[in-house]
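These are my notebook entries on a structure that I looked through part by part. I wrote down what I looked up and, for each term, the rule behind it.

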2 protein chains.
Amino acid sequence: MKAAIFKGPGLIAVEERPKPEIQLPTDAVVRIVRTCVCGSDLWYYNGDSPHDESGIGHEALGVVEATGSAVRSVKTGDLVIVPFAYSDNTCPHCENGVQTACVDGGFFGGGELGCQAEFLRVPLADGTAVAVPEGKYDDAQLASLLTLSDVMGTGYHAAVAAEVKPGHTVAVVGDGAVGLSGVLAAKLLGASRIIVLGSTHAPRHELARKWGATDLITVRGDDAVTELFELTNGVGADAVLECVGSKTATETAFAIARPGAIVGRVGLPHDAPIDAEGTFLRNIGMRGGPAPVREYLPELLEATLRGDITPGDVFDYVTDLEHIDEAYQAMQQRRAIKALIKVSEV
Amino acid sequence: MKAAIFKGPGLIAVEERPKPEIQLPTDAVVRIVRTCVCGSDLWYYNGDSPHDESGIGHEALGVVEATGSAVRSVKTGDLVIVPFAYSDNTCPHCENGVQTACVDGGFFGGGELGCQAEFLRVPLADGTAVAVPEGKYDDAQLASLLTLSDVMGTGYHAAVAAEVKPGHTVAVVGDGAVGLSGVLAAKLLGASRIIVLGSTHAPRHELARKWGATDLITVRGDDAVTELFELTNGVGADAVLECVGSKTATETAFAIARPGAIVGRVGLPHDAPIDAEGTFLRNIGMRGGPAPVREYLPELLEATLRGDITPGDVFDYVTDLEHIDEAYQAMQQRRAIKALIKVSEV
């Protein structure tokens with residue numbers, strides 16, 4: 001099969017690799033229909049984080065090709081969403097809704113578990129993959145379904161972690177694909193005002209507005225904090241979604257939270273310390289981490305199928321597996337918010 | 001009037017000071033009936049934090065002597081509980097239940113606002129003091145009512161911040177007066193298992209057990225973490241109350257939280273950094289800060305008057321204002337969990 005292989009910073013090659021096979025009775029093998037490039041894939045592409053010379057990518061929508069003898073919840077021919085983390089969905093942490101801490105689980109995106117490929121072995125298929133109801137889905141719907149494997153679930157986790165409630169004024173730090181998905185999530189959870197702190201990129205503004213952003217702040221650091229307090233009559237945000245992970249974004253996120261508010265973090269912290277005493281004195285909370293996408297999949301799948309949300313709008317660049325390196329470049333150069341890779345048809 | 005005056009580390013003197021008067025129409029003057037010594041008063045007594053040579057103490061139960069012309073909710077003769085922070089109870093932060101962030105508020109415990117005295121001026125009386133229903137209260141009840149000015153409300157804040165829910169396995173880090181109050185609060189919120197991580201002091205164990213602790217861990221650091229995971233089948237605690245604020249206690253609190261759990265902090269952090277990445281990877285949250293005691297007063301007053309809780313049991317040392325320095329010593333030397341000061345009779 002063809003698979004995208006990380007060759008080093010700045011280079012993703014498409015090479016032949018053995019087609020994955022069932023290794024354990026709990027495995028499934030999936031033919032990838034759609035995959036995409038994540039902002040976190042760029043950490044490797046930019047040389048900011050190390051990555052083996054191996055498969056890459058952790059977002060997948062595909063059709064089940066084969067299942068191990070123990071697999072019960074998905075069957076050959078099912079269209080399935082594969083979260084970026086695999087999980088048994090039965091251990092105490094899964095039962096508690098934190099499948100990214102599954103005692104038997106792990107993460108896609110490296111070694112033989114790269115999703116930017118023609119086929120993928122899915123460990124613990126019953127606890128990981130979620131079947132989409134049978135039906136005909138057009139390109140836009142397939143794109144939306146794909147987002148439920150990571151980016152939409154991650155934005156949703158930020159909003160759930162920040163405990164967004166109906167009527168809240170929500171601040172979203174970051175207007176990348178995750179931040180924008182956070183806007184959509186905040187809207188879905190009933191936020192009445194959504195203030196996005198991000199870039200000056202017009203396409204991001206357009207999508208943010210479409211998904212429910214009421215205000216955009218494009219300055220950074222202290223200026224952003226000042227502007228947010230002006231917008232909120234000096235009060236601050238009822239809930240804050242931190243969708244970047246950098247030092248500045250983290251400082252801003254905690255600074256704009258009103259006393260008692262929670263910063264929902266989904267940006268992996270990169271040298272971004274938390275002010276233990278400052279947050280304490282202001283009664284600011286934090287929650288979040290790697291999104292338990294599997295937990296949210298049923299509700300987000302339902303919302304997507306009903307058409308309540310169209311998270312696939314986040315893709316503004318489409319190519320095929322052969323040209324995936326160009327997709328990385330487009331995202332690296334901020335010509336694309338998020339790149340969709342068409343691998344095969346349903 | 002007589003007032004306890006901080007003279008420097010290790011010395012509290014009782015001196016004559018002018019009796020406080022109404023300064024603003026929103027003030028009340030209260031004759032103190034009961035006050036007490038807080039663990040945080042010991043920071044000054046031990047020389048760990050600076051304090052002016054002035055009044056000290058921030059916990060008070062008293063009888064209203066006089067009210068300013070604008071005061072409506074309490075009247076002369078009322079027995080009132082005075083939270084350690086004063087607040088207007090009408091600003092956006094108060095409305096949001098975080099009275100310790102009141103835009104017009106402040107804290108008792110220094111200058112002319114020391115509660116370890118015969119009389120106290122209470123700023124913003126309407127938004128601060130809460131009247132106890134008329135009636136006869138015995139010594140034990142008065143002691144319990146006094147705890148609602150800080151220690152019980154603070155323990156309760158830890159439990160609320162940690163989002164303790166019925167059936168939870170709750171870990172309480174610290175078995176000082178606040179930690180013990182946290183045990184009582186966790187029980188009140190429906191915890192089914194309460195694990196206290198604390199000292200080897202028998203009186204603390206006894207009270208912890210009385211108030212609902214099911215397990216006691218008396219080792220520290222890594223050993224404590226190991227023991228907690230053994231007690232919870234490797235899962236960790238559903239909610240953690242951090243009631244100390246030291247580096248070791250903070251590290252332990254975050255280490256024993258199960259993925260998705262929240263550490264409810266009420267111990268002011270003393271050189272106790274938070275691991276931004278470690279907490280993220282495990283989806284551990286944190287909330288808390290200075291307790292909005294005023295917010296919890298109505299419900300805790302009701303629970304106390306019904307006899308559901310007897311938080312005054314925390315006092316195991318009683319003296320009068322004249323001998324308050326001995327009370328500080330008793331707490332410093334851990335001969336007392338918490339010292340009650342009888343200033344006058346109702």
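How many residues of domain 1 of chain A are in contact with domain 2 of chain A? I found that 15 residues of domain 1 of chain A are in contact with 17 residues of domain 2 of chain A, where contact means heavy atoms within 4.5 Å.

**Entry 1: ground rules.** I note that this is a predicted model, in which local features need pLDDT of at least 70 and side-chain atom pairs count only at pLDDT 80 or more, while totals for chains, interfaces and linings use all residues. Residues are numbered from 1 along each chain as its sequence is written, chains are lettered from A and ligands numbered from 1 in the order in which they are written, and side-chain values use heavy atoms, with hydrogens and water left out.

**Entry 2: the two domains of chain A.** I looked up the domain assignment, which gives domain 1 as 2-150 + 292-342 and domain 2 as 155-288 in chain A; such bounds come from an automatic or database domain assignment. The C-alpha centres of these two domains of chain A lie 27 Å apart. Between them the domains bury about 1,500 Å², with 69% of it on carbon and sulfur atoms; buried area is the accessible area (1.4 Å probe) that two parts lose on being put together, summed over both. A:Tyr296, A:Arg334 and A:Ile337 supply 38% of the area that domain 1 of chain A buries against domain 2, more than any other three residues.

I then turned to the charged pairs, and the count between the two domains of chain A is 1 salt bridge, meaning a side-chain nitrogen of Lys or Arg within 4 Å of a carboxyl oxygen of Asp or Glu. A:Asp313 forms a salt bridge with A:Lys210, and their closest N and O atoms are 2.9 Å apart.

**Entry 3: where the chains meet.** I looked next at the contact of the two chains, which takes 34 residues from chain B and 34 residues from chain A. The area buried between chain B and chain A is about 2,900 Å², of which 61% comes from carbon and sulfur atoms. On the side of chain B, B:Phe280, B:Asn283 and B:Met286 lose the most area to chain A, together 23% of what that side buries. The rule finds 2 salt bridges across the interface of chain B and chain A, and B:Arg287 forms a salt bridge with A:Glu163, with the closest N and O atoms 3.5 Å apart.

**Entry 4: how the copies are related.**

**Entry 5: backbone angles.** Most residues other than glycine have a negative phi.
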